[in-house]
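This report concerns aromatic rings and the packing of helices. Please examine the sequence and the structure before reading on.

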Amino acid sequence: MNIQNFVENYHILPAAERKEGLSCIIKEGKLQTVYNQAKGANTRAALRVIADADGRAADFVRANIDGILKFLRTGDAKVRMHAAQIIGNTCAGEYLDELIDAIMHEQTMFALPSYLLAIGRAKNDRAKHFLDSYQLRSDLDKHREEEKAALDKALAGFIMRKKARVRILPTDIVMLASPNPNV
């Protein structure tokens, strides 16, 4: 597999080919080759590949975290967004301070949802407190809706889910209604 071609064409490949290629890169330990392309002209595409590797790239990301954190401070908003996704997918709890600092300095509205989701994946009290106190910043309706949806999704991870306990006694009557009699 030619990794450079894969990275350059990643955004136009069908989902099945992307998944297969990504799995091959991880299996063969070629994430470093992909990461090296992030330092050149294919920065966005290379970081997108690493972000899509999710938790399977956690060890690699931790080994190269200094470089990934530098991408949070670069001039390209999409690169910052991909860097936040990489950290969120792999080690958000360990680098929560950096994510919070980055979102507070972010001026590009379409990048904010990535930061919010990454912070939500930290799953600790500080992340929950930050998300609870976060104020939506987007001006355009489209960006505001995406930011709100990301905030809601990030906060949903903190909801404690308990199984409902239902007790039916022999004297109880349970009535069910359905709009469709065929059900």
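In this predicted model, the charged end of Arg 18 sits over the ring of Tyr 10, at 5.4 Å from the ring centre. A second residue placed over a ring is Lys 123, which lies over the face of Phe 158, 5.6 Å from the centre of that ring.

How many aromatic pairs does a search of the whole structure find? The search finds four. A pair of aromatic rings is described by the distance of the centres and the angle of the planes. Two of the pairs are set out below.

| Pair | Centre to centre | Angle between planes | Arrangement |
|---|---|---|---|
| Phe 6 and Tyr 10 | 5.4 Å | 70° | edge-to-face |
| Phe 130 and Tyr 134 | 5.9 Å | 50° | tilted |

The Phe 6 and Tyr 10 pair is edge-to-face because the planes stand at 70°, and an angle over 60 degrees falls in that class. Phe 6 and Tyr 10 are both buried. Phe 130 is also buried, because its relative accessibility is 12% and the limit for burial is under 20%. Tyr 134 is buried as well, with a relative accessible area of 8%.

The report now turns to helix packing. Helix 7 (residues 77-90) packs against helix 9 (residues 112-120) with the axes 8 Å apart and at an angle of about 15°. The two helices are therefore roughly parallel, and their crossing is left-handed. On the side of helix 7, the residues in contact are Arg 80, Met 81, Ala 84, Gln 85 and Gly 88; they meet Ser 114, Tyr 115 and Ala 118 in helix 9.

Methods:
Residues are numbered from 1 along each chain as its sequence is written. This is a predicted model: local features need pLDDT of at least 70, side-chain atom pairs count only at pLDDT 80 or more; totals for chains, interfaces and linings use all residues. Side-chain values use heavy atoms; hydrogens and water are left out. Rings of Phe, Tyr and Trp (its six-membered ring) pair if their centres lie within 6.5 Å; planes under 30 degrees apart count as stacked, over 60 as edge-to-face and the rest as tilted. Buried means under 20% relative accessible area, exposed over 50%, partly exposed in between (1.4 Å probe, protein chains only). A charge sits over a ring if NZ of Lys or CZ of Arg is within 6 Å of the ring centre and within 35 degrees of the ring normal. Axes are lines fitted to C-alpha atoms, for helices over the stretch in contact, and angles run from 0 to 180 degrees between N-to-C directions. Helices (H or I, at least four residues) and strands (E, at least two) are DSSP runs, numbered from the N terminus. Angles under 35 degrees count as roughly parallel, over 145 as roughly antiparallel, 65 to 115 as roughly perpendicular and the rest as oblique. A crossing is left-handed if the near helix is turned anticlockwise from the far one by less than a right angle, and right-handed if clockwise. Contact means heavy atoms within 4.5 Å.
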